[in-house]
Amino acid sequence: MDPRRRDPRLAQAFSSTDASNPQDANTPSTSSLSREPLEPPASGQPPSVAGQPSSEPPFTEVNGNDDNIFKKRPLFCVVCASNQNRSMEGHSVLSKAGFRVISSGTGSLVRLPGPSIDKPNVYAFGTPYNTIYEELYAKDPRLYSGNGVLQMIDRNRRLKTAPERWQETFTMADVVITCEERCFDAVCDDLLNRGGEASRPVHVINIEIKDNHEEASIAGRAILDLATAIEAAEDIDEDMPSILEAQGEKHPHSLLHAISYY
């Protein structure tokens, strides 16, 4: 059952006229990541800390007069299944553009392509990206460089320490951007189960993205456009319908929207 129909507090879902993209369970392509041979992993952990939003200032100046008005900047959380490919592409793009952003995954375990489709590499959430990188490099650097997995994890470990699970992360975002409808459903279900004790609203928006590097890269630009429009809005709640309408006209991804509560 669609979780958007179970709680009267949830806003009506918004869907673009485009059809949803089918899911791609195959090994990701390597179009958007460099295929240059990687050096052996460097020792030590990346400087960032998992679970912490970017260090961008939480307020922005609205005007330049003496009576300056400061508006709180929204915190974005980008969510996919394993917090590896799609959500981390969005995290990377938004972080580079100076947005306040965190990311997570809704799956029970982190799954990465293995030597065959029925032999994935499986890790627990919280396993450091650096550890995953070193293990895969030791197993078969040619294979995991060729399919783009090492390049992807190398990017991830430069952003934060480890993949995080949405259900175990309690930082309250203002906008959650999911990358697949089942992740959207999982986020809405989890928020309903939390009971809304903080009475803090959150916009949950799904951008349907195939799980491969090329589609993640294309969708990263769409996520950036969406975040830019949201942060520029005078009133996010009132402006959201028009923001999503413009997003649907500019980008091909199907959209869903709900308002839930922490």
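The model is predicted. Its protein chain has 262 residues, of which buried residues make up 50%.

Seven helices and nine strands occur in the protein chain. Among contacts with a separation of 6 or more, 77% are between residues 24 or more positions apart.

Strand 4 spans residues 100–105 and is mostly covered, with six of its six residues buried. Arg-100, Ile-102 and Ser-104 point one way from the strand, while Val-101, Ser-103 and Gly-105 point the other way. The residues on both sides of strand 4 are buried.

Strand 3 (residues 75–80) runs parallel to strand 4, and six bridges join the two. Within this pairing, Val-78 stands opposite Ser-103 of strand 4.

## Arg-182

Arg-182 belongs to helix 5, which covers residues 181–194. Arg-182 counts as exposed because its relative accessible area is 55%, and the cut-off for exposed is over 50%.

The side chain of Arg-182 makes a polar contact of 2.7 Å with the side chain of Glu-180. Glu-208 lies 26 residues from Arg-182 in sequence, and the C-alpha to C-alpha distance between Arg-182 and Glu-208 is 9.8 Å.

Technical notes: Residues numbered from 1 in each chain as written. Predicted model: local features only at pLDDT ≥ 70, side-chain atom pairs only at ≥ 80, totals over all residues. Heavy atoms only, no water. Buried < 20%, exposed > 50% of the residue type's maximum accessible area, 1.4 Å probe, protein only. Helix = DSSP H or I, 4+ residues; strand = E, 2+ residues; numbered from the N terminus. Pairing = 2+ DSSP bridges. Contact = heavy atoms within 4.5 Å. Polar contact = N/O pair within 3.5 Å; in protein donor to acceptor, adjacent residues only side chain to side chain.
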